[in-house]
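Please examine the sequence and the structure below.

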Amino acid sequence: MINELNIAWTLLCAFLVFIMQAGFLCLETGLVRAKNSINVAVKNVIDLCLSGAIFWLFGYALMFGQTHGGIFGSNGFLFNGTHSTVLMTFFIFQAMFCSTSATIVSGAVAERMRFFAYCLTVLMMSALIYPITGHWAWGGVVQGEPQGWLTQQGFIDFAGSTVVHSVGGWVSLAAVLLLGPRHGRFDPARKSPIQGSNLPMAALGAFLLWFGWFGFNGGSTLALNDKVPLILLNTFLAGACGGIAAMLYSFFHRGYLGVADMINGILGGLVGITASCHLQLPALAVLIGGVAGLIVVLGSEWLERWRIDDAVGAIPVHLFAGIWGTLAVALFAPPESFAIAGDRGQQMMVQLLGILAIGGYAFAISFTALWLINRFYPLRVDAEAERVGLNIAEHAASTEIIDLLTEMEDHRRRGDFSQPVTVEPHTEVGQIAQQYNHVLQRVNEEIHQREDLLRALTVSETRKGAILDAVLDCIITIDRQGGILEFNPAATRTFGCSRRIVLNKNLARLILSEPQQDEFAQALHLGFTGESSFVINKRAQISLQRADGEPFPAEMSITRMHSGRQLEYNLHIRDVTRQRHIQRRLHHLAHYDQLTGLTNRDYFRQGLTYYLMAEAPRQAAVLFLDLDRFKNVNDTLGHAAGDQLLREVAERLRQHTRANDLVARWGGDEFVVALLGAGHLDDIKHKAQCYVEVLAQPHRLEGKMVYTPTSIGVAVYPDGGDDADTLIRNADLALYQAKNAGRNNYQFFTPELAHQLSERFHFENELREALNRDEFELHYQPQIAIDTGELIGAEALLRWRHPTRGLVQPSLFIPILEESRLIEQVGQWVISTACRQNQQWRSQGLRPIRVAVNVSGRQFLQADFAETVAHCLHESGLEPAGLELEITETVLARDSEQCIATLQALKALQLEIAIDDFGTGYSSLNYLKRFPIDTIKIDRSFVVECNVNSEDAAICAAIILLAHSLGLKTLAEGVEKPGQLAFLHAEGCFAYQGYLFSPPLPVEEMAKLLAGGEAAS
């Protein structure tokens, strides 16, 4: 008798679970749009059919058959009627579970998944995922002993929070990720999510699911025993509290009650309690259900944030709440329930293992399988099918309401509302269509009436014509007494008072100051035709006031018009405050420097010109100032510090310049000052010296004291120029002279200076063409070994053969090459030419010597100088031993690290390096120690009197001794007398060059010398 009662109870519960399919159908069709509801319903029907068939074929066997290593069952395929009544009852009950798990996916992928793609998804899930994971957790239930590998670990999932619901949730997540969101779901223009078509239907579905859930959880006992009442009570309480928690969160978080949130909260509570409804006390069931409801709404928001589109909330309800329910077993169930695992902590690890294993398997298999299917058969419908709806696209199942909406959409798209829609009589949709047609008829009538009215208004708009012509200005209409009749929105904004307040009030008292009110009243009395600021058809500049008394500049014009028998006046008023501000701003931008606030060059030139154009201008002087080391500030402290420095310089100039003088920033770090009405020349000198001293004082920039001395050029009117441009230009020329004089000083312009600079300018231009015209040539001064008298080398010296001036002295053009940066191009030509010439001599069989080339500082400090030398050697074919580079001490003092790097690169080429003019610059033993030097050249200034002057003799002897101690060679320059050579020989100098042996020789004469062998002493 007890056995039959248990069978009856289990079958009843199976039928209740079956009713859950109807609940899912109502829920999902209610939460999707009407154009897709039929498709969702059909998918709910087909997944029951397919999952049931698969479960009968082999799903039951894989899930509950005799285990194979705890992974899957191995018998019970094609379940038949030979089994016992109890087993057949168990099969029916579990078949309903299988269909429930499959149905979860239907809602998540609704409105975008193809019907047959969904069928393949159900087959994949029912065959590969649900029975395998079910065996892990429930295997051995039929045999009465734990067989699944998770069951053997002590995993508890009573009615399937994980096995049924989370499995469905994992597959839903995989499918949704592959499908992507519905069209327009996350469109920024959409103000709210896609709404369901029938929320009452969805609520009915929730009730059916809740009702069926009593069978889902209660039937899992497989017997009508004393546990059933507790299970049913816990199920009811968890669902109720899940709905309450979701409702409260929705209300307090969003400010309104979300129906879908409450429905999904109920279902989340039911899912959460499913794993342990047989173990928990009712109070704990309330807690588990409430937390599950919160998890569902929070999970929905999380999916929204990550733009994951779950149409009905299946993933947060079944996956997230299912995970929570499975963990709640270890958190709240009595410890005696953990007989296999041991204690609560170990049970928690088992529950986590089950969640991760089942979830990982379900997600990986489903994602992989669906990805492969999608490559051959697209899972998602096309855009047009999604737009028209899957009811029509997939099943050709239109409805009256869809037909009506189609016709209405056609009206909207064409913009033609003249034709009525089709009316289906005696139906609700037909009544809607009929009412829509009535609306169309009324709209068409209104349109015709409005067109007639507009035509009538066009004829009668004489009075308002002026207003429509000037809508950008304030337009105020007054009567003959000054009362306000019209006050447009622009006037409301300008004067700060509303139209309602000012109507019929006196205009003069509103917008005019008291002195102007009498004038306006008198002009109004005369019809604005008298002589005053207020005249008909005349634009006047006037000061008005706002409602709060603030005055502002305005332009006003008055027009007169007749409205019937009444005479009215229209005042057109424009607030020109902003225009005045813009004009002032434009004036400032046009005439002042934005960084320093000083006048700019144009305004300065204009002011000086006006001063000089006076009938009898007094003496004036222009001072052109330039900061001497400004570039160093920018390079070391940054441009922000440079800008701060310029502002401080400008401020010092302001403080030390009279109010009637002019001061401007000319550009970059240049400033100009015009001393207007200057006194005697001594006064101008005193002022220039003042500027030099003031600007030489340190500035604190970036926490450091920075010194920026200033060079100043001065041009005095009229000797230095009789107009502004000439004075400025000549002051600039004098500035150049101040820089040549050592900087941090001032120089006055003189006619001789202009002549010198003009000559230098022409000279520089000729030098620029000299290289292209092949006017440069090299002469070679022999270098002789003192002990043997042998010719060991020659120094290549640059010469310029000018077409009219002849051979120009190097002292005249070398400094210009240095200052104009032409030395870099010419220096490269010298190295290349010297290498080619030496190689040519060697090819002719002449005596092999080393040619020494002087290298300028600019050229040596170039980053690619070593590469340039290597290219010249390679191009000429000369061996490195045939070239020596001479570098001055001043170059080595500029940038030690850069020098070391360049010298090391040159030594890597196996070149000889010599220090030229040693002893005249920044002589330091540190250079000789740090730098890879081979030869020291003694400057001619020490050699000239080395044999007669004790000081020069001591210097030469010291240099030679120093070189010997460091293992370096010495070469003396400018040896012209035998006595000098004898002294050098006695002190142990290695070699010499000078007129005693030979002056610098042209190429042909040097070749003859090389062919002759040793030189005569």
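Helix α30 (residues 823-843) packs against α32 at an angle of about 30°, and their axes are 9 Å apart. Axes here are lines fitted to C-alpha atoms, for helices over the stretch in contact, and angles run from 0 to 180 degrees between N-to-C directions. Helices (H or I, at least four residues) and strands (E, at least two) are DSSP runs, numbered from the N terminus. The model is a predicted one, in which local features need pLDDT of at least 70 and side-chain atom pairs count only at pLDDT 80 or more, whereas totals for chains, interfaces and linings use all residues. Residues are numbered from 1 along each chain as its sequence is written, and side-chain values use heavy atoms, with hydrogens and water left out.

**Helix pair α30 and α32**

- The two helices α30 and α32 are therefore roughly parallel to each other; angles under 35 degrees count as roughly parallel, over 145 as roughly antiparallel, 65 to 115 as roughly perpendicular and the rest as oblique.
- The crossing of α30 with α32 is right-handed; a crossing is left-handed if the near helix is turned anticlockwise from the far one by less than a right angle, and right-handed if clockwise.
- On the α30 side the contact (heavy atoms within 4.5 Å) is made by Q828, I831, S832, C835, R836 and Q839, and on the α32 side by F865, T868, V869, C872, L873, E875 and S876.
- By class, the contact of α30 with α32 has six nonpolar, five polar and two charged residues; Ala, Val, Leu, Ile, Met, Phe, Trp, Tyr, Cys and Pro count as nonpolar, Asp, Glu, Lys and Arg as charged, and the others, Gly among them, as polar.

**V869 within α32**

- V869 belongs to helix α32 (residues 865-876).
- With a relative accessible area of 0%, V869 is buried; buried means under 20% relative accessible area, exposed over 50%, and partly exposed in between (1.4 Å probe, protein chains only).
- Leaving aside neighbours within four places in sequence, V869 is in contact with I831, L883, L885, L906, L909 and L911.
- From C-alpha to C-alpha, V869 and P553 are 73 Å apart in space, and they are 316 residues apart in sequence.

**Helix pair α3 and α4**

- Helix α3 (residues 85-108) and α4 pack at an angle of about 130°, with 10 Å between their axes.
- α3 and α4 are therefore oblique to each other, and α3 passes α4 in a right-handed crossing.
- Q94, F97, C98, S101, A102, T103, V105 and S106 of α3 meet Y118, T121, V122, M125, S126, Y130 and W138 of α4.
- This contact of α3 with α4 has nine nonpolar, six polar and no charged residues.

**Helix pair α11 and α12**

- The axes of α11 (residues 314-332) and α12 (residues 344-376) come within 8 Å and cross at roughly 165°.
- α11 and α12 are therefore roughly antiparallel to each other, and their crossing is right-handed.
- From α11, the residues I323, T326, L327, V329, A330, L331 and F332 meet R344, Q347, M348, Q351, L352 and I355 in α12.
- The contact of α11 with α12 has nine nonpolar, three polar and one charged residues.

**Helix α9**

- Helix α9 (residues 259-274) has 16 residues and reaches 23 Å from its first C-alpha to its last, close to the 22 Å expected at 1.5 Å a residue; the expected span is 1.5 Å times one less than the number of residues.
- Of the 16 residues of α9, 13 are buried, so the helix is largely enclosed by the rest of the structure.

**Buried loop residues**

- Q147 lies in the loop between α4 (115-138) and α5 (149-153) and is buried, with a relative accessible area of 4%.
- Not counting residues up to four places away in sequence, Q147 touches G65, Q66, T67, G70, G139, G140 and Q152.
- D473 is placed in the loop between α17 (465-469) and β3 (474-478), and at 9% relative accessibility D473 counts as buried.
- D473 touches N488, A490, I573 and R574, not counting residues up to four places away in sequence.

**Backbone features in loops**

- A cis peptide bond joins Y717 and P718, with omega about 5°; P718 lies in the loop between β13 (710-716) and α27 (724-740).
- L222, a residue other than glycine, has a positive phi near 60°; L222 is found in the loop between α7 (199-218) and α8 (228-254) and is partly exposed, at 28% relative accessible area.
- N537 also is not a glycine and has a positive phi of about 60°; N537 is found in the loop between α21 (514-525) and β5 (540-545) and is exposed, with a relative accessible area of 61%.
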